[in-house]
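The tour below goes from one selection to the next.

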Amino acid sequence: MYENMFDVLIYLYENYMDGESHPPVDQGELEDELSQAGFTQDEIRKALRWLDDLADGSHWSPYLTLQDSSMRIYTEMEAAKLDLEARGLLLFLEQTGILDPASRELVIERALAIEQAIVTLDELKWVVLLVLMNRPGREDAFSQMESLIYSEAPVYLH
């Protein structure tokens, strides 16, 4: 049995989002397949809702006007959910050009939408990857992030 919705997201990414194969068109068939793979109905629904909200894009408009020189100050709630290491990763990704300010805000928004107290560093990396995959014009950044996720080397040095 898998543990959380990130397992569902990773399964979907590794099985369908690589561009070679496509998930079943019928959402019921997809849910059945995920259930047979060992995911709980609750985690499947959470993951699919999370992806639907990401793909919706209607909540992105406030972020698209951010300038590259914007500075991010985290609220207490954000800092509680994204620990110092996670916030350091976001800063690193922004400084290296993988995240622009709009993508950073979308990553934070999607991380806050996760129904758990803390988002781990590995989970945050997947959030970044999925956000970049859904941002037109960010293909190079997406490729860089995918390389960071699948490489054995640490993402950044302290």
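**Stop 1: a loop arginine**

Select Arg138: it is buried, with a relative accessible area of 15% (buried means under 20% relative accessible area, with a 1.4 Å probe and protein chains only). The model is predicted, so local features need pLDDT of at least 70 and side-chain atom pairs count only at pLDDT 80 or more, while totals for chains, interfaces and linings use all residues. Residues are numbered from 1 along each chain as its sequence is written, and side-chain values use heavy atoms, with hydrogens and water left out.

Arg138 sits in the loop between H7 and helix H8 (139–150); helices are DSSP runs of H or I with at least four residues, numbered from the N terminus. Now show its neighbours: leaving aside residues up to four places away in sequence, Arg138 touches Gly97, Ile98, Leu99, Asp100, Ser103 and Leu132 (contact means heavy atoms within 4.5 Å).

**Stop 2: helix H6**

The buried residues of H6 pack against helix H3 (41–56), helix H4 (76–81), H5 and H7.

**Stop 3: H5 against H7**

Select residues 84–95 (H5) and 121–133 (H7): they pack at an angle of about 35°, with axes 9 Å apart. Axes are lines fitted to C-alpha atoms over the stretch in contact, and angles run from 0 to 180 degrees between N-to-C directions. Show side chains for the contact: Glu85, Ala86, Leu89, Leu90 and Leu93 come from H5, and Leu121, Leu124, Lys125 and Val128 from H7.

Definitions and conventions. Helix = DSSP H or I, 4+ residues; strand = E, 2+ residues; numbered from the N terminus. Buried < 20%, exposed > 50% of the residue type's maximum accessible area, 1.4 Å probe, protein only.
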